[in-house]
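Please work through the exercises below with the sequence and the structure side by side, trying each task before reading its solution.

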Amino acid sequence: MCMYLVLYKTELFDLNAVVQGATGSWWFPVFMFGCVLLESVFPYFGYFPGTALILMSAALNPKPADVSVFIMAWLAIIVGAVLSYGQARFFRPFLQRVASKAALSRCESLFDAYGPYARVALFVHPNASAMYFTALGLLGRNLTRELAYLCAGAAAAVGILFVIVTRLVSSVGATDDGQLQVLLAAGLVAIGTLVGLYTAWRPERVG
């Protein structure tokens with residue numbers, strides 16, 4: 001909601017003009033790759049509105065998503081997740097110095113119990129994917145075995161966030177980009193809440 005207010009309800013700069021200019025230019029795929037990449041690296045950029053900017057381009061200039069949209073966003077999510085994993089492995093020795101063995105063991109057990117559910121994040125949003133791979137790196141888990149999930153999850157995220165949304169927008173014409181972002185944010189919150197409730201309820205069910 002804070003990002004919504006900053007980006008759409010202030011006069012810091014004409015964001016619509018920036019996005020419209022990028023959408024109509026030859027370097028739009030590079031612009032898109034950079035936006036999604038920044039959103040896919042955790043935690044240096046916090047919540048960078050990469051997908052917001054891409055979806056704004058669909059709202060302001062409705063047209064079906066082409067192959068370049070899919071490929072560039074897909075690659076950006078994968079590169080961002082791998083970078084998140086790499087920086088987490090770099091800081092892992094520091095974590096081992098400041099965290100107790102009991103705390104690390106607890107994190108390991110939680111990851112073993114809920115790791116498969118955390119993979120759902122790969123299908124939801126680049127931010128969530130970055131956090132998942134940061135956790136993998138901090139716990140020293142193997143990256144290779146997760147690459148297949150990453151590729152499939154990135155493809156699903158791109159399909160949901162870019163291809164489906166842009167095609168829906170193109171079918172109804174130009175819309176208010178701020179409202180589009182609020183609806184998408186509500187959808188992501190709903191998905192995260194449902195997954196969280198299920199994982200919290202599961203141990204009681206097993207017991």
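**Exercise 1: a helix pair**

Determine how the helices α3 and α5 pack against each other.

The crossing of α3 and α5 is right-handed, that is, the near helix is turned clockwise from the far one by less than a right angle. The model is predicted, with local features needing pLDDT of at least 70 and side-chain atom pairs pLDDT 80 or more, while totals for chains, interfaces and linings use all residues. Residues are numbered from 1 along each chain, and side-chain values use heavy atoms, without hydrogens and water.

Next, take the geometry: the axes of α3 (residues 28–39) and α5 come within 8 Å and cross at roughly 30 degrees. That makes α3 roughly parallel to α5, a label given to angles under 35 degrees.

Finally, list the contacts (heavy atoms within 4.5 Å): P29, M32, F33, V36 and L37 in α3 meet residues of α5 including S68, V69, M72 and L83. By class, this contact has 13 nonpolar, two polar and no charged residues.

**Exercise 2: confidence**

Decide where confidence is highest and lowest.

Confidence (pLDDT, from 0 to 100) is highest in α5 (residues 67–98), at a mean of 89, and lowest in α1 (residues 2–8), at 54.

Technical notes. pLDDT is the predictor's confidence in each residue, from 0 to 100. Helices (H or I, at least four residues) and strands (E, at least two) are DSSP runs, numbered from the N terminus. Axes are lines fitted to C-alpha atoms, for helices over the stretch in contact, and angles run from 0 to 180 degrees between N-to-C directions. Angles under 35 degrees count as roughly parallel, over 145 as roughly antiparallel, 65 to 115 as roughly perpendicular and the rest as oblique. Ala, Val, Leu, Ile, Met, Phe, Trp, Tyr, Cys and Pro count as nonpolar, Asp, Glu, Lys and Arg as charged, and the others, Gly among them, as polar.
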